[in-house]
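Q: Hi! Could you walk me through a few spots in this one?
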Amino acid sequence: MSPVTPLGLFAVDGLIGEEDRAMRDAVRTFVDSRVRPHVAGWYDAGSLPARDLAKELGELGVMGMHLEGYGCAGTSATAYGLACMELEAGDSGVRSLVSVQGSLAMYAIWKHGSEEQKQEWLPRMAQGTAIGCFGLTEPDFGSDPAGMRTRARRDGADWILNGTKMWITNGSVADVAVVWAQTPDRIRGFVVPTDAPGFSAPEIKRKLSLRASVTSELVLQDVRLPSSAVLPGAAGLSGPLSCLNEARFGIVFGALGAARDCLDTAIAYARQREIFDRPLAAYQLSQAKLADMTLELGKGMLLALHLGALKDAGTLRPEQVSLGKLNNVREAIAIARECRALLGAAGITLEHPVMRHANNLESVLTYEGTSEVHQLVIGQQVTGHAAFR
């Protein structure tokens, strides 16, 4: 009999609207032609042609695609999620480029910025001719951003920023950074042009994960900004957390792309690899593993599409995003590891994508809220008790 794809077994296309499928297919075609032929080399070299890709992705319409106005495509949230899935099927680093651009930097300006800030930055960012980054995490403050040490103080009509941010995607290639800092009354967001005196973004090297991604430190030494640099709509920690929730939504779908690519690779390998005069795919143990992974991938996809429908209806809650991020990333990394085992020694090379995806997912498991943080978010919802402290 002719085999079907794992997601084909779940008939998920029937749950996706025509426009959303068209966007998904366009991004898949882009990944197949522009990312897949080169990504192993990028990963091996620890580099990414971020500026070139950003412009091409802007032309494709995926930069800030789920936002309205200012040159953004204004697609559904589900379409954005499906685009993230296809991008991460190529590589988590490419999806991170788009996620940080659209769901963190652009969303922060779109949601909390002044009209002047929006007009200055969003059209160029949507085109991919300007790149943004998002400075929240610090060397000692990741899961507890309220403890950040970056400070902003008034000096006449200006603000002076000092501090350090860490693990910042796009930092070294960004034209603008959305930086969050403690002020005397509350945490505020600032739109910081990266050519501002005192701003630097040294790239972090020697990574074993997300190698095809630009990861940086942000250093702010007496960076002077006008009062117009403040995001007027962001009050306290709720500002950056609203942006993180947008990025987490994309990861719910994105992680499934990496898992799907691993599973497709493992199935193809098992069908052609002969052992003891039979295809590896013909053995019961192999089929049991492939069946279990198919089940988890399909369940994760159904969850993602359900959350996408809730977001498009305007009813999605942050704790529901935590359900998706916790489950789908956890299952994706388990699938990647199992697929690596099915490929045997071939699974450790860059000739196949599975170990690259597995390594990348180690980072995805941690960023935008660790698994432990999402467990506590869910735990608080079902028990009524906060266990963060």
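Predicted model: local features only at pLDDT ≥ 70, side-chain atom pairs only at ≥ 80, totals over all residues.
Q: Is Cys262 buried or exposed?
A: Cys262 is buried, as its relative accessible area is 0%. Buried means under 20% relative accessible area, exposed over 50%, and partly exposed in between, using a 1.4 Å probe and protein chains only. Residues are numbered from 1 along each chain as its sequence is written, and side-chain values use heavy atoms, leaving out hydrogens and water.
Q: Which cysteine sulfur is closest to that of Cys262?
A: The one in Cys339, 5.4 Å away, which is too far for a bond. Cys339 is buried too, with 0% relative accessible area.
Q: New topic: where is Asp91 found?
A: Asp91 is in the loop between helix H5 (77–90) and helix H6 (92–112). Helices are DSSP runs of H or I with at least four residues, numbered from the N terminus. Asp91 counts as buried, because its relative accessibility is 0%.
Q: Which side chain does the Asp91 side chain make a polar contact with?
A: That of Arg356, at 2.7 Å. A polar contact is a pair of N or O atoms within 3.5 Å; within protein, one must be able to donate a hydrogen and the other to accept it, and residues adjacent in sequence count only if both atoms are side-chain atoms.

Definitions and conventions
Helix = DSSP H or I, 4+ residues; strand = E, 2+ residues; numbered from the N terminus. Disulfide = S-S within 2.5 Å.
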